[in-house]
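Biologist: I am new to reading protein models. Could you take me through the features one at a time?

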Amino acid sequence: MKSIALREIKSFFGSPIGYLVIAIFLLLNGLFLWVFDGEYNILQSGFADLSPFFTLAPWILIFLIPAVTMRSFSDEKKQGTIELLLTKPLSLWQIVNGKFLGSFMLIVIALLPTLVYVYMIYSLGMPTGNIDMGSTLGSYFGLLFLISAYTSIGIFTSTLSENQIVAFLLSVFLCFLFYFGFEGISTYAKGFEEAVSRIGMDYHFKSMSRGVLDTRDILYFVSVAFLFLSFTVFKLKSLKS
């Protein structure tokens, strides 16, 4: 599993993909948070708060994570190396987890430079240090769990087609559905609004962003990640047989 994860990371940074993903993520966040006029501009908001970043990041990641994961298994299928991968002395779970960890770590690496934002807000606050660290840390933890869920969805969709674009589009659709779709559907579910919205990631991410790490929210994200990784293993079993 470790060898596959390392191979994934090396392949990302052995080509422009890894650097491009990190650059795009940081550039888009930087422009919206510090340069472009609008509701996400922190300097214009007048508050020493990183909530615009945590509102914006999940939407950017909806597109970036599928771009990273789309090649995980679809590329193996296209090049005909999927059979060789499946014959390695590793269980299907080890192969899937290796692919998952490789993609997950790349996104975490892209996320690390944003910790500079915390220092900037800390310094810009009046008085200095006027920042809700509990909410900020909770939001970062929530973002990590959100990344794990997105990544598991992307890994699964990469097994459905050898066409990377198809895998990308399917992943974007499912990530959007699970992040915002159920929130939108809940407005039409009269009397069951909260029950339906609880199915979506947005509800649980916002809950963690308040600075309270509820085990129900953690269990939700772990369950979503486990569910899609299980789908991936099931799909690979059908390819192996």
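**Rings, charges and cover**

Modeller: A search of the whole structure finds 22 aromatic pairs. Rings of Phe, Tyr and Trp (its six-membered ring) pair if their centres lie within 6.5 Å; planes under 30 degrees apart count as stacked, over 60 as edge-to-face and the rest as tilted. Take Phe-145 and Phe-221: their ring centres are 6.3 Å apart and their planes are at 25 degrees, so this pair is stacked. Phe-145 belongs to helix α9 and Phe-221 to helix α13, so the pair ties together parts 76 residues apart in sequence. Helices here are DSSP runs (H or I, at least four residues), numbered from the N terminus.

This is a predicted model, where local features need pLDDT of at least 70, side-chain atom pairs count only at pLDDT 80 or more, and totals for chains, interfaces and linings use all residues. Residues are numbered from 1 along each chain as its sequence is written, and side-chain values use heavy atoms, leaving out hydrogens and water.

Biologist: Is Phe-221 buried or exposed?

Modeller: Buried means under 20% relative accessible area, exposed over 50%, and partly exposed in between (1.4 Å probe, protein chains only). Phe-221 is buried, with a relative accessible area of 0%. Phe-145 has 22%, so Phe-145 is partly exposed. Now a second pair: the rings of Phe-156 and Phe-228 have centres 5.9 Å apart and planes at 55 degrees, so they are tilted. Phe-156 sits in helix α9 and Phe-228 in helix α13, 72 residues apart. Both Phe-156 and Phe-228 are buried.

Biologist: Which residues form one aromatic cluster?

Modeller: Trp-34, Phe-53, Phe-54, Tyr-117 and Tyr-140 do.

Biologist: How do I read a helix such as α13?

Modeller: Start with its span. The expected value is 1.5 Å times one less than the number of residues. Helix α13 (residues 215-240) has 26 residues and reaches 36 Å from first C-alpha to last, close to the 38 Å expected. Then look at direction. An α-helix has 3.6 residues a turn, so residues three or four places apart point the same way. The buried residues of α13 include Asp-217, Phe-221, Val-224, Phe-228 and Leu-236. Among the helices that cover the buried residues of α13 are α7 (92-111), α9 (133-157) and α10 (164-186).

Biologist: What is Ala-225 in contact with?

Modeller: Contact means heavy atoms within 4.5 Å. Leaving aside neighbours within four places in sequence, Ala-225 is in contact with Ser-148 and Ser-152. Ala-225 is buried, at 9% relative accessible area.

Biologist: How many salt bridges are there?

Modeller: Side chains of opposite charge can pair when their charged atoms come close. A salt bridge is a side-chain nitrogen of Lys or Arg within 4 Å of a carboxyl oxygen of Asp or Glu. The search finds 5. Glu-76 and Arg-7 meet in one of them (2.8 Å, N to O). That pair links Glu-76 in helix α5 with Arg-7 in helix α1 (residues 2-13), 69 residues apart. Arg-7 has 37% relative accessibility, so Arg-7 counts as partly exposed. Lys-99 and Glu-76 also meet in a salt bridge (2.9 Å, N to O). Lys-99 is in helix α7 and Glu-76 in helix α5, 23 residues apart. Both Lys-99 and Glu-76 are buried.

Biologist: Which residues are linked in a network of salt bridges?

Modeller: Arg-7, Glu-8, Glu-76 and Lys-99.

Methods: Helix = DSSP H or I, 4+ residues; strand = E, 2+ residues; numbered from the N terminus.
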